Amino acid sequence: NADTAMYHAKNSGGNRYQFFNESMNKEAVHRLQVESLIRHGLREDSFSVFYQPKISISTGKVAGMEALVRFETPAKGIISPAVFIPMSEETGQIIDIGEIVLRKACFATKKWVDAGLFSGRVAVNLSAVQFTQPNLVSLIESILTESNLPAKYLELEITEGTVMNAPQKAIETMQQIRDLGIHLSLDDFGTGYSSLAYLKKFPLNTLKIDKAFVDDIEASEQGRNMVATIVTIAHNLDMQVVAEGVETNQQLDFLATLGCEQLQGYLYSKPLPTKN
Ligand code: C2E
Ligand code: CA
Ligand code: CA
């Protein structure tokens, strides 16, 4: 119990005391359950990938897609990544999950490109834990070779938290990824601890405006100004902009007047499973 309490103290930032209580045990049991579900799921190939199109605002056509992992369990149905991704980052299982997603996304995209169905980029999310793995770049290279997918069809999405921990080292890794011909985008922009000083040094192609800002477009003048400012910053730094979580035509119209390049959201399509 003392160990569990200490774990809690560390997780809430450390440098504090924490008494044990019974709810912590329940939480610990829940984590163990999810961890063992994931272990089982990895063995049984229960992780699949859904794809959500990204639409070019000027042409209305599919310009790319984002790969989003799904975990299907026999007992509990589909578990949301919002639940198992954070836990798998703590246990390190995200390394295996992330590799599966990248491999499946590359193989599927190669098939669609060859069939003449798709010519954009598939974007795969990279967790901070994966990003700091020393073999990351060689792993990406070998998956591209295995799947025969030219690097220009791949994009990786990273978040501010991933790159702001050790920005100098992150720039090196990002540059190695770019040197392979892969695009890089900054996900959930505006929700983390971005430094504008670093933003201009990061070799990024695209900035994704978080859904929270898109939601504010219809709410207030201030909300619209915020989105306009983000688009201006991105364009001034030579980056393209993707708006996330676009659900209404009003949001689309406003984003179009700003010259935002792409949108992703339920207005056009939810993430979809592949057809085998
Ligand atoms: P994200 O990368 O920001 O992905 C966008 C999320 O917004 C997805 O949730 C997507 O389904 C949802 N979304 C898209 N358009 C709309 C919309 O119009 N309205 C609403 N309400 N939601 C929309 P999802 O698939 O549940 O994924 C949640 C998060 O889990 C992702 O957020 C990402 O951070 C993480 N994730 C998903 N797949 C992976 C993966 O393969 N690897 C890693 N490391 N993380 C992943
Ligand atoms: Ca993403
Ligand atoms: Ca996002």
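Modeller: The shell around ligand 1 consists of nine nonpolar, five polar and seven charged residues, where Asp, Glu, Lys and Arg count as charged, Ala, Val, Leu, Ile, Met, Phe, Trp, Tyr, Cys and Pro as nonpolar, and the others, Gly among them, as polar. Please bear in mind that this is a predicted model, in which local features need pLDDT of at least 70 and side-chain atom pairs count only at pLDDT 80 or more, whereas totals for chains, interfaces and linings use all residues. Residues are numbered from 1 along each chain, chains are lettered from A and ligands numbered from 1 as written, and side-chain values use heavy atoms, without hydrogens or water.

In all, 21 residues surround ligand 1 (a heavy atom within 4 Å), and the closest of them are Gln52, Arg70, Asp187, Glu247 and Tyr266. Strand E2 provides four residues, which is the largest share of this shell.

Several polar pairs (N or O atoms within 3.5 Å) can be followed in the model. A polar side-chain atom of glutamine 52 is placed 3.0 Å from a nitrogen atom of ligand 1, while the side chain of glutamate 66 brings an N or O atom to 3.2 Å from an oxygen atom of ligand 1. In tyrosine 266 a backbone N or O atom lies 2.7 Å from an oxygen atom of the ligand. The protein buries 79% of the 800 Å² that ligand 1 exposes when taken alone, by the Shrake-Rupley method with a 1.4 Å probe. Two or more residues of the shell come from each of strand E2 (62-73), helix H3 (81-91), helix H4 (94-114) and strand E6 (183-189), with DSSP runs of at least four residues for helices and at least two for strands.

Since glutamate 66 lies in strand E2 and aspartate 187 in strand E6, the pair ties together parts that are 121 residues apart in sequence.

The calcium ion (ligand 3) is coordinated at 2.1 to 2.6 Å by Asp187, Asp188 and Glu244. Here aspartate 188 in strand E6 and glutamate 244 in strand E8 (residues 240-244) link distant parts of the chain, 56 residues apart. Aspartate 187 bridges the two calcium ions, ligand 2 and ligand 3, which lie 3.9 Å apart.

Terms used. Polar contact = N/O pair within 3.5 Å; in protein donor to acceptor, adjacent residues only side chain to side chain. Donors = N, O, S within 2.8 Å, 3.2 Å for Na, K, Ca; no water.
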